[in-house]
Amino acid sequence: MKNIKRKSKKKKIFLVVLSIVVLLLIAGDWALTVTVYNENFNQRFESYEPLMLHVDDFDGLQRTKYEFCSNKGQKLAGYMYRFGENQRGIIVMAHGFGGGGHNSYMDCANYFARHGYYVFSYDATGNDESEGEGVGGLPQGVIDLDYAITFVEESGNFPDLPIALFGHSWGGYSVCSVLTYHPEVKAVIACSGFNASPNLFEAEGKKQAGNGIYLMLPFVRLHERLQYGRYALNTAMDGFSKSNAAVMIVHSFDDEVVPAEYGYEIYYKKYKDDPRFCFVPFENKGHSYFNGDTYRNEFNAEFDEWLKNLDYDYNSEENRERFSEDKADYIHHNLDREQWCNSLDLELFEDFVDFYDEHIH
């Protein structure tokens, strides 16, 4: 009888110890996931000054700066771009992730403004002129866009015109997901976007950890849920179901940053026969395909050749400051700003404007 009691007691102790070990493993995995997530997404991003675009680069382009608050009271910098008055609608633009704020999309704003639209673009939390020690996480993009649209509609600073959206990458996810909260939007163009916020973590993580990344994804979802509430759960597909907006989906099937399986293929499977959707697939344009001429490729090739001829190791820590100065000096003396700032794929952007013209009225 005593032996039975001892065995029962040992079994209970074993189960308690096992439970503690499991909990510690879960807690450790959660902590590791949050650390990796923050290292990748909760960073502050600034545009690279030597390559920044300026309003003066675009003849006649006008802009007015505004500030508006996002969800935690952080002030975001927003800009209304225009050519004259009496435009057909307002395009709200959401920028991509990691390169700073909206600055690198100023040429897109310029094109839309020249072709009949006011353009409101902004720096998301943790980017360029907006407040925030870091972005926080990917759902923050949807939140900031939600507040930006509300500011355009309710601040009294802008004409009462139909709203359209334009987004690339992180912005492509944001402009689709935000439709849940703004079904009044008339038209959306989403380029290289993804369906759900954990998709980018998964896509990049598979390159580094293979299938091991799937052990981390539940903790990514939990972390985002705790940080962002309903916004973390909302997807592009949810936005589509809550809206009657016309939607153009643009994606290249060789995109290694956001593979088509995380966005385009999901949308196409459900909406390929829906007349409110327009799908534009590419085969070999990569993640960013707005530039149509060869100048940027030529400049990048010349820059690579310059790198090869440097007489020091530009990757070493001791040469970091020297290389930073030399690189900026090279760009300053060799960049043709007029060509750099006017290199959009005009045929593609004509299609974008035609799409807006058809659906904004």
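Which helix gives the largest share of the lining of the largest cavity? The legends below take up this question in a predicted model.

**View 1. Helix H4 and the lining of the largest cavity.** Helix H4 spans residues 170-177. It supplies three residues, the largest share of the lining of the largest cavity. Trp170, Gly171 and Ser174 are among the lining residues. Ala94, His95, Tyr122, Ala124 and Gly141 also line this cavity.

**View 2. The space inside the largest cavity.** The structure holds one cavity of 30 Å³ or more. About 50 Å³ of space lies in the largest cavity. Its lining is made up of four nonpolar residues and four polar residues. No charged residue takes part in the lining.

**View 3. Helices H2 and H13 packed together.** H2 covers residues 106-114, and H13 covers residues 346-359. The two helices pack at an angle of about 55 degrees. Their axes lie 11 Å apart. Because of that angle, H2 is oblique to H13. The crossing of the two helices is right-handed.

**View 4. Side by side: the residues where H2 meets H13.** From H2 come Cys108, Tyr111 and Phe112. From H13 come Leu346, Phe349, Glu350, Phe352, Val353 and Tyr356.

Conventions
Residues are numbered from 1 along each chain as its sequence is written. This is a predicted model: local features need pLDDT of at least 70, side-chain atom pairs count only at pLDDT 80 or more; totals for chains, interfaces and linings use all residues. Side-chain values use heavy atoms; hydrogens and water are left out. Axes are lines fitted to C-alpha atoms, for helices over the stretch in contact, and angles run from 0 to 180 degrees between N-to-C directions. Helices (H or I, at least four residues) and strands (E, at least two) are DSSP runs, numbered from the N terminus. Angles under 35 degrees count as roughly parallel, over 145 as roughly antiparallel, 65 to 115 as roughly perpendicular and the rest as oblique. A crossing is left-handed if the near helix is turned anticlockwise from the far one by less than a right angle, and right-handed if clockwise. Contact means heavy atoms within 4.5 Å. On a 1 Å grid over the protein atoms alone, a cavity is a set of points where a 1.4 Å probe fits but cannot get out, and a pocket is an open set with protein on both sides within 12 Å along at least five of seven lines; lining residues have an atom within 4 Å of a point. Grid points are joined across faces, edges and corners, and a volume is the space filled by probe spheres set on the points. Ala, Val, Leu, Ile, Met, Phe, Trp, Tyr, Cys and Pro count as nonpolar, Asp, Glu, Lys and Arg as charged, and the others, Gly among them, as polar.
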